[in-house]
Amino acid sequence: MSLMSSRISYRRNNRRSIFEGFDPVLTGAVALLLLIGTALVYAATRDWYAANGLDPEYYLKRHVLNILIGAALAWGTTVIDYRLLRAYTPIFWAIGVIGLIAVLIPGIGTAVNGAQAWIALPGGFQVQPAELAKISIIVGMSMILSERTHDSDQPSHRDVIQALVVAAIPIIFILLQPDMGTVFIISVAVVTIIGASGAPLRWVVGLIIVAIMGSYAAVKVGVISDYQVKRLQAFVDPNSDSQGSGYQLRQARITVGSGGLFGTGLFNGPQTNGRFVPEQQTDFIFTVAGEELGFVGCGLIIILYLTVLMRAFGIARRSQDPYGRLVCTGVIAWFAFQAFENIGMTLGLMPMTGVPLPFLSYGGSSMFANMIGFGLLQNVHARQRG
Amino acid sequence: MNQRTRLSLLFIQILIFSLMFALLGRLFYLQVAAAPLYKDAALSIQSRDVITPANRGLIVDSSGVPLAMNRVGIAVTVDRTQIDKQSDKGVSVLRKLSSLLKLEYADVYQRTRLCGELPKGQKAGCWTGSRFQPIPITKEADPSVALSIVERSDTYPGVSALPVALRNYPAKAGANGAHLLGYVGPLTEADLSGANGRTYFRSESIGKAGLELQYDEFLRGTPGIKTVIVDRKESVTRTSQNTKPINGNHLVTSIDVRLQASAEQALEQAVRSARASGYPSDGGAAVVLDVKNGQVLAMASYPTYDPNSFEKGLTVKEAKNLYSEKAGVPALSRSIQGLFAPASTFKAVSLVAAANAGYNLNGIYDCPSEVEVGTRKFQNFDSAALGKMSMKKAMAVSCDTIWYRIAFDEWLRDGGLKPKSDRNDYFFNAAKGFQIGIKTGVDLPSESSGRLADREWRTKWYAQNKDFYCNYKDRTPKSQQTPFLVQLAYENCLDGDKIRAGDAVNFSIGQGDTVITPLKLAQMYAAIANGGTLWKPTIAKAIVNSDGTLVKKVEPEALGSLPASKSTLKFLRASLREVVTGGTATSVFGGFPVQVSGKTGTAQVFGKNANGSLKADTSWFASFAPSTSPKYAVVMMVSQGGFGASTSGVGVRKIYQTLFGVSGSKVDSEKAIYPSGNPPVTIPKISPTTKVVGEK
């Protein structure tokens with residue numbers, strides 16, 4: 001540590017603690033989300049695992065381990081000055097892309113729910129390169145869009161095109177898995193970053209039009225796979241696929257609705273304990289909150305997200321340089337739209353996609369990515385203008 | 001940071017803020033506004049009710065002898081949750097089981113399918129209950145079969161044998177009572193939908209006919225409900241409620257099982273003897289009432305069926321036979337549903353009408369062989385000219401022509417075809433006073449009301465049929481256009497809305513369009529006997545809790561009084577006694593030691609039987625006894641049974657024999673059904689083991 005700080009010459013003076021740079025409100029909100037998530041993961045798995053003769057704390061233990069690793073990653077991300085990170089951005093980006101290529105190679109990558117998205121590691125761990133690719137794209141684009149090779153205050157068309165290429169390469173590989181949920185989240189983040197970069201407005205408008213036409217064409221031409229079409233149909237008409245996605249969405253809505261104002265209390269949800277909603281410790285974790293914590297608990301979760309996001313906006317505004325601001329904006333867009341997509345899907349507002357709920361869902365890769373994203377926010381915060 | 005960047009950040013912030021608020025709004029709708037809806041939906045996903053039916057209450061006779069009880073059978077059941085887990089979904093087990101039970105595999109397979117699993121049109125024989133209840137394949141398995149299932153549970157996984165309660169009609173003293181008792185059966189979708197305002201569970205049996213249906217809410221008790229919470233794999237995670245079944249209440253009836261058996265036998269013998277005399281005799285009914293309160297002491301209908309056949313499981317053949325014309329429609333309860341012209345038994349009403357019209361009951365009337373009514377001649381029975389006689393004698397020998405004259409005179413006095421507004425309608429009003437055309441209100445389902453063919457009925461009838469008769473030639477095939485039928489249609493079209501002279505005279509002798517049930521006639525004669533009170537006939541005397549306490553007592557209900565003075569009724573009773581001592585029923589009751597009063601009836605029936613023969617007469621005998629202080633009213637009717645006296649009269653005598661303990665020309669009150677002289681008023685102790693008097 002001391003070695004590192006000595007090397008960073010422009011680091012702010014009089015730092016005494018490694019936690020000093022942490023935004024207390026942001027940290028508190030994230031910590032509360034992690035705590036609630038831990039309780040929900042435990043509630044989602046305890047009874048079922050016990051009833052089937054397995055270790056009821058299996059998921060709890062692994063989830064806590066993920067959080068601890070994530071916390072270390074966040075801390076690591078925070079202490080290295082983001083401007084230094086910026087120098088290594090091309091390397092991060094390249095690692096991300098290599099991971100995305102590797103996952104597509106049969107024998108290395110494994111498919112779950114129709115998407116070739118995981119790389120199995122020894123010890124039963126799995127990595128989802130797409131989660132980490134989100135960070136690669138955000139820092140990569142931010143780097144390009146904040147470099148000023150000319151006098152203008154705004155990125156040039158050339159910068160924007162470069163940034164889009166940086167984003168497009170990983171997106172194409174994720175499309176090949178295919179993981180539409182992640183593509184959607186990343187695309188929204190990409191448009192947001194470009195919008196926030198000060199690039200000409202027609203880029204933003206154009207990209208949105210291209211995205212809409214692209215997804216329409218994808219459905220029509222059949223680029224996206226059958227199960228994804230079914231999910232979309234189930235969203236439009238929940239009765240169309242009563243055994244598959246339609247079932248899941250219906251069950252999710254019933255489970256959330258049955259929680260009522262105060263919920264059944266943690267561990268007491270019959271829908272959760274009966275495991276009527278599949279994937280309830282990962283993508284459908286919000287149903288557990290809905291049933292067991294009720295409107296009060298769910299409202300608190302949404303307010304905590306709002307707190308994290310609004311705090312992040314403050315950090316972005318106070319950032320010393322465009323790079324820090326764009327990284328923050330990218331992370332904000334990522335967290336916000338992933339949370340919205342996940343909860344929206346659970347509540348029947350959005351079509352079903354396989355994206356986890358930031359900080360709450362069980363899952364190593366997404367937890368690590370979220371915590372690195374959180375670390376990036378803290379990093380910018382620690383070095384903001386006095 | 002320039003202005004544009006600042007603005008775009010603000011824009012993004014507002015957008016994200018709105019999205020999060022959209023989530024909160026949706027959340028509020030789901031969890032607060034629509035929460036009850038989703039709570040119900042969740043409950044139906046998670047909970048499964050397992051129903052333990054309550055023990056159905058007994059139906060007993062007035063001395064406590066069970067008419068309907070519960071018997072233990074051995075049910076062989078299949079557990080769907082278990083056989084579904086087998087690799088072949090239980091096919092091999094069901095095959096083995098069907099050969100063990102000597103049943104068709106297809107039937108066994110069908111019985112284990114939930115109705116909801118099967119496509120429309122293929123649901124026959126499906127299981128109406130849930131997956132979580134053991135599904136009975138048979139309820140009357142042989143004990144040795146049951147034993148082999150229990151012993152070789154590894155050969156029959158998912159199959160068990162256990163004792164179950166079956167509804168049983170023990171036919172004590174030989175009494176069948178099918179039409180009285182009814183039967184129990186599985187619930188229909190209409191029952192389950194709460195059409196009658198009660199809540200049922202799929203696995204319950206409910207009363208489908210007779211007393212079982214009428215008093216179902218008391219007899220069935222409250223089933224025990226165990227609600228289990230299941231998970232997605234349908235394994236039970238916990239029990240949320242568990243209530244014990246509450247036994248049904250017992251029904252005490254006024255029936256006496258020995259008298260019931262005797263009435264059934266007498267009726268059957270009457271039908272058989274009529275058949276032996278060459279009459280088609282397609283059915284009959286017998287009713288015994290307590291004249292003092294309307295309680296039904298016995299009620300029989302012929303042909304009958306075995307009420308136990310429903311619990312055994314009706315075969316298709318048995319089910320069809322119940323409603324087959326050829327078999328005489330055994331399902332029809334002729335006592336309360338059979339509608340027949342009362343014929344001369346109606347003269348009791350006519351006598352009241354004549355008395356009310358001022359005719360001298362002690363006068364002398366002529367009984368010629370025929371009477372000219374308008375342009376038509378109406379013959380006496382068998383066209384006999386019996387000369388001048390008293391009114392009493394006229395009743396005894398059942399003279400028709402006296403009534404033709406009186407009825408015709410009264411019809412003319414009321415204006416004939418142009419009825420006066422201040423007409424007296426003595427005959428119609430007398431019949432109304434006897435409540436003809438109105439249900440007796442007996443506590444059995446599906447009673448027919450009968451029909452009083454008075455002026456109002458005639459008007460309604462004409463409105464419905466005018467079109468047909470006025471276009472008769474267009475509406476009917478050539479074969480039905482005989483000169484007689486064409487003339488009849490013409491007359492009906494012309495003045496079918498009016499009571500014509502012919503209608504009036506036919507009405508007076510109980511012919512024509514007026515029809516009644518045997519129970520209605522019994523109610524009428526009981527009223528004549530008791531001094532003029534029309535009682536509502538009742539079968540139930542009391543409802544008793546399973547621990548013996550009285551839940552409800554059925555009190556006698558007077559429905560009205562006969563429109564006759566005391567002296568008229570006294571004269572009428574004397575006339576009815578005369579029928580037995582010196583009239584149409586004398587030969588039947590010659591030497592009978594109990595004084596019986598009654599009236600024979602031989603009703604003409606129009607139409608043809610299936611084989612083309614003309615329908616034979618309806619044989620009636622309506623009576624009460626003892627004549628001086630009447631206690632019982634007995635009515636027998638044999639459809640197409642010939643003469644009143646020789647068929648029904650003989651049957652009624654047999655019932656009186658049992659009732660009073662008559663052997664030869666002596667009364668042995670010890671052998672009487674009610675040795676004390678009256679039906680019991682106390683509520684008997686109820687036990688399934690109560691024996692019939694005299695039974696060992």
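Modeller: A residue is buried if 20 or more other C-beta atoms, placed from the backbone, lie within 10 Å of its own, exposed if 12 or fewer, and partly exposed in between. The model is a predicted one, in which local features need pLDDT of at least 70 and side-chain atom pairs count only at pLDDT 80 or more, while totals for chains, interfaces and linings use all residues. Residues are numbered from 1 along each chain as its sequence is written, and chains are lettered from A and ligands numbered from 1 in the order in which they are written.

Colleague: What makes helix α15 of chain B mostly covered?

Modeller: Helices are DSSP runs of H or I with at least four residues, and strands are runs of E with at least two, numbered from the N terminus. Helix α15(B) spans residues 347-356, and nine of its 10 residues are buried. The buried residues include B:K347, B:S350, B:L351 and B:A355. Just after α15(B), B:G358 has a positive phi of about 95°.

Colleague: Why is A:V327 called buried?

Modeller: A:V327 has 31 C-beta neighbours inside 10 Å, and therefore counts as buried. This residue belongs to helix α13 of chain A. Leaving aside residues up to four places away in sequence, A:V327 touches A:Y82, A:I138, A:V139, A:S142, A:L376 and A:V380, where touching means that the C-beta atoms, placed from the backbone, lie within 7 Å. A:V380 stands 53 residues from A:V327 along the chain, yet their C-alpha atoms are separated by 8.5 Å.

Colleague: How many of the residues of chain A count as buried, and what share of its contacts joins residues 24 or more positions apart?

Modeller: Of its 386 residues, 52% count as buried, and among contacts with a separation of 6 or more, 71% join residues 24 or more positions apart. Chain A has 14 helices and three strands.

Colleague: What is the strand order of the five-stranded open sheet in chain B, and why do β12 and β21 stand at the edges?

Modeller: The order is β12-β11-β23-β22-β21, with antiparallel pairing. β12(B), residues 296-302, and β21(B), residues 597-603, each have a single partner strand, so one side of each lacks a neighbour in the sheet. β21(B) is joined by seven bridges to the antiparallel strand β22(B), residues 618-625, and B:G601 stands opposite B:W620 there. Helix α23(B), residues 518-530, lies across β11, β22 and β23 of chain B, running at about 150° to β23(B); axes are lines fitted to C-alpha atoms, for helices over the stretch in contact, and angles run from 0 to 180 degrees between N-to-C directions.

Colleague: Which residues have the most contacts inside the largest nonpolar core?

Modeller: They are B:Y525 and B:A633, in a core of 139 residues; a nonpolar core is a set of buried Ala, Val, Leu, Ile, Met, Phe, Trp, Tyr and Cys residues joined through C-beta atoms within 7 Å. Among the residues that B:A633 touches are B:L289, B:A522, B:Y525 and B:F624. Apart from that core lies another of 116 residues, including A:I138, A:A312, A:F374 and B:I16.

Colleague: How many residues of chain A are in contact with chain B, and which element gives the largest share of that side?

Modeller: On chain A 40 residues are in contact with 34 residues of chain B, and α12(A) gives the largest share of the chain A side, 12 residues.

Colleague: How do you know what confidence the predictor gives chain B?

Modeller: The mean pLDDT of chain B is 88, and 96% of its residues reach 70 or more, on a scale of confidence in each residue from 0 to 100. The model as a whole scores ipTM 0.89 and pTM 0.68.

Key: Contact = placed C-beta atoms within 7 Å. Pairing = 2+ DSSP bridges.
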